[in-house]
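Here is a short briefing on one protein model. Keep the sequence and the 3D view open as you read.

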Amino acid sequence: MGVWRLKAVASAKKQLVTIKGVKEGLIFQLDDDCAFDDVLGDLKDKLGNTHDRFLDGPEVAVQIRLGKRWLKDDQLDRLRKMIEKKKNLRIQSVESDVVPREMLFDETGRLKLVRGIVRAGQTLFHDGDLLLVGDVNPGGTIAATGDIYVIGSLRGVAHAGVNGREEAIIAASHMKPTQLRIAGVISRPPEEGGLEETFMEFACLNGGIMQIDKIANISRMRPGGQHA
């Protein structure tokens, strides 16, 4: 009877690591509401399951989903080493819904360069001008007190001139935002978009009205490349 009760308690234990098979390989979803060491403990148990064909077969790509957790370098190293003990597991990506603080702020106040993707639920902010080499996915937000430049697809929300600077602009290689905002002016582009998608575009305020134009015409607003 005592043994049965112990097994019942163990079976009710929360799963801190969920392993899901997909077409591309495996997804390791880590619980983001518990201690990191507890996650590692659960992962160690699962990786030790020699009956799982996914963990002992041919090489498999692994996507690690951290949820609303951000790992320090030493934590990420521990996680990688544990997974790579299984010789057939190859870590393909590590994704988090949290943008690390060191990526967001530049105390110099000058242009901040960020490489990556702003995913749904994430907000990337910088006090100054911000250059993102990557995409802003639907549900993601990019904001800056100065200008915003996206070398990629802008399909989420962009807010330039957060402190009320109406001269700020928003530029993107692929301008398909759910919302644009400059200072206090908000605009949702029409369904068909503005210009041809082959052109990099920028949004600015003209007489308090949001306008979108080809990036080649930015000199009309910024002669010599200087701030207006």
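The points below go from the whole protein to its strands.

This is a predicted model, in which local features need pLDDT of at least 70, side-chain atom pairs count only at pLDDT 80 or more, and totals for chains, interfaces and linings use all residues. Residues are numbered from 1 along each chain as its sequence is written, and side-chain values use heavy atoms, with hydrogens and water left out.

**Whole protein**
- The protein has four helices and 15 strands; helices (H or I, at least four residues) and strands (E, at least two) are DSSP runs, numbered from the N terminus.
- Of its 228 residues, 39% are buried, meaning under 20% relative accessible area with a 1.4 Å probe, protein chains only.

**Strand β9 and its partners**
- Strand β9 covers residues 148-154, and five of its seven residues are buried, so the rest of the structure largely encloses it.
- β9 pairs in the parallel sense with strand β7 (residues 130-133) over four bridges; strands pair if DSSP finds at least two bridges between them.
- Val133 has Ile151 in β9 as its bridge partner.
- β9 also pairs in the parallel sense with strand β11 (residues 170-175), over five bridges.
- Ser153 stands opposite His174 in β11.

**A five-stranded open sheet**
- The strand order is β6-β8-β10-β12-β13, with mixed pairing.
- β6 (123-126) and β13 (185-187) are at the edges with a single partner strand each, so one side of each has no neighbour in the sheet.
- Strands β10 (residues 157-160) and β12 (residues 179-182) run parallel, joined by four bridges.
- His159 has Arg181 in β12 as its bridge partner.

Terms used. Buried < 20%, exposed > 50% of the residue type's maximum accessible area, 1.4 Å probe, protein only.
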